[in-house]
Amino acid sequence: MKRIGITTTVPAEVLLAAGYQPLDLNNILVSSPVPTRFITIAERAGFPLNCCAWIKGIYGVCLDSGIEDVLCVTSGDCSNTIMLMEVLKLKGLNAMPFAYPECPDLRQMQQVLEKLSAALGAAPDAADTVREKLQPVRDLALKLDELTWRQNTVSGWENHFWLVSASDFNGDYHQYRRDLQGLLDLCAGRQPHPEGEIRLAYIGVPSVYARELYPYVEKHGARVVFNEVQRQFAMPAPGESLAAQYTGYTYPYSIHERLQDIKTEIQKRRIDGVIHYVQAFCHRGIGDIIIRDAIDLPVLTLEGNADFFLNGHVKTRLEAFLDMIQRRQKMIKKSYDKLLSPGGRD
Ligand code: SF4
């Protein structure tokens, strides 16, 4: 199959139906042992210092990997991708645009899918057949997600890794399915995480330092049991058709669609605190104002740039945040106990 780079989650079913193997350029960037070298490639080419590290990294990966075709999501993800696409074209790559509809509208989504199928040369309805093949794979990813918050047998990092990888199934969905099934079998024999741990939600784009973030919070008595955007990549609302599936996918649409999903999951998963990750120089950071206004729980806003590790400053802020949640829980418990004690209401 011919490889095609993708700048974020796109309807992979259409790409596979057209004979392309999607490769999520973000995942290639962060899984590299030296991701900063891709950023250096971009800065040497003239990308400004105050451009988001993901955009620069994607550019570096494209040039370094010899990939020829790239599907650039120009609406529903990042406006920087429009100019990234132009530069990739200048460098001789076949960079094509893909735009999600402005709002989650079924009819518009159907038109977008048809346009993409025609552009890539996929036979009509072929994507629906691929959707059926991918569904059991997506179901496994969602099973892992359920084990994370309900049975408490999955780590935050495992949850992050397998859900974020659902954008391209690590380049081979058969292998992804086998590997994930292996992990689920392993989880069946695990002891659950301890009862009193702090339960965290992680919202916002995946972080550049994810590999260190999740184990770090676990070392300090907490665990991420909800990864918002990563879970969306696994398509938790598949609906009745491909168009419905990508209409129910919240990430490309307004923050209010995302918040509905976030609030539902926060309640269901009994979340104690929220980490909102924002990427330096990203427009999505402004959404922090709305998120803080909408969520009635402690929120820690963390920013990352091109450090692919947790620096001392971020570690200290995480520790202080977890400490504050612990104290808050103790205070709530104390007032509750007092209320229930004889004469407590006097
Ligand atoms: S983090 Fe923000 S600026 Fe960077 S690629 Fe994603 S949406 Fe664009």
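Which residues lie nearest the centre of the largest pocket? They are Asn26, Asn27, Val30, Trp54 and Pro206, from a lining of 41 residues. The structure is a predicted model, in which local features need pLDDT of at least 70 and side-chain atom pairs count only at pLDDT 80 or more, while totals for chains, interfaces and linings use all residues. Residues are numbered from 1 along each chain as its sequence is written, and side-chain values use heavy atoms, with hydrogens and water left out.

A pocket here is an open set of points on a 1 Å grid over the protein atoms alone, where a 1.4 Å probe fits, with protein on both sides within 12 Å along at least five of seven lines; its lining residues have an atom within 4 Å of a point. The largest pocket holds about 680 Å³ of space, the volume being the space filled by probe spheres set on the points, which are joined across faces, edges and corners. Its lining comprises 22 nonpolar, 14 polar and 5 charged residues. In this division, Ala, Val, Leu, Ile, Met, Phe, Trp, Tyr, Cys and Pro are nonpolar, Asp, Glu, Lys and Arg are charged, and the others, Gly among them, are polar.

Several helices contribute to this lining. At least two residues each come from helix H2 (25–31), helix H4 (53–65), helix H5 (80–90), helix H8 (156–164), helix H10 (210–219) and helix H11 (228–233). Of the elements, H2 gives the most, with 5 residues. Helices (H or I, at least four residues) and strands (E, at least two) are DSSP runs, numbered from the N terminus.

The ligand sits in the largest pocket, in the sense that more than half of its atoms lie within 2 Å of the pocket's grid points. Around the ligand are Cys52, Trp54, Ile55, Asp77, Cys78, Asn80, Gln279, Cys282, His283 and Arg284, each with a heavy atom within 4 Å of it. This shell has 5 nonpolar, 3 polar and 2 charged residues. Trp54 also belongs to the residues nearest the pocket centre.

The second largest pocket contains about 340 Å³ of space. Among its 23 lining residues, Tyr253, Ile255, Arg258, His283 and Arg284 lie nearest the centre. Helix H13 (255–268) and strand S7 (273–279) are the elements that give two or more residues to this lining, and S7 supplies the largest share, 4 residues. By class, the lining has 11 nonpolar, 8 polar and 4 charged residues.

Strand S7 leads on to the sheets. Strands of a sheet pair through backbone hydrogen bonds, either parallel or antiparallel. S7 belongs to an open sheet of 4 strands with parallel pairing, in the order S6-S5-S7-S8; two strands pair if DSSP finds at least two bridges between them. Strand S6 (222–227) and strand S8 (299–304) form the edges, each pairing on one side only. S7 and S8 are joined in the parallel sense over 6 bridges, and histidine 276 has threonine 301 in S8 as its bridge partner.

Another open sheet, also of 4 strands and parallel, has the order S2-S1-S3-S4. Its edge strands are strand S2 (20–24) and strand S4 (94–99). Strand S1 (residues 2–6) runs parallel to strand S3 (residues 69–75), with 3 bridges between them. In S3, leucine 71 is the bridge partner of isoleucine 6.
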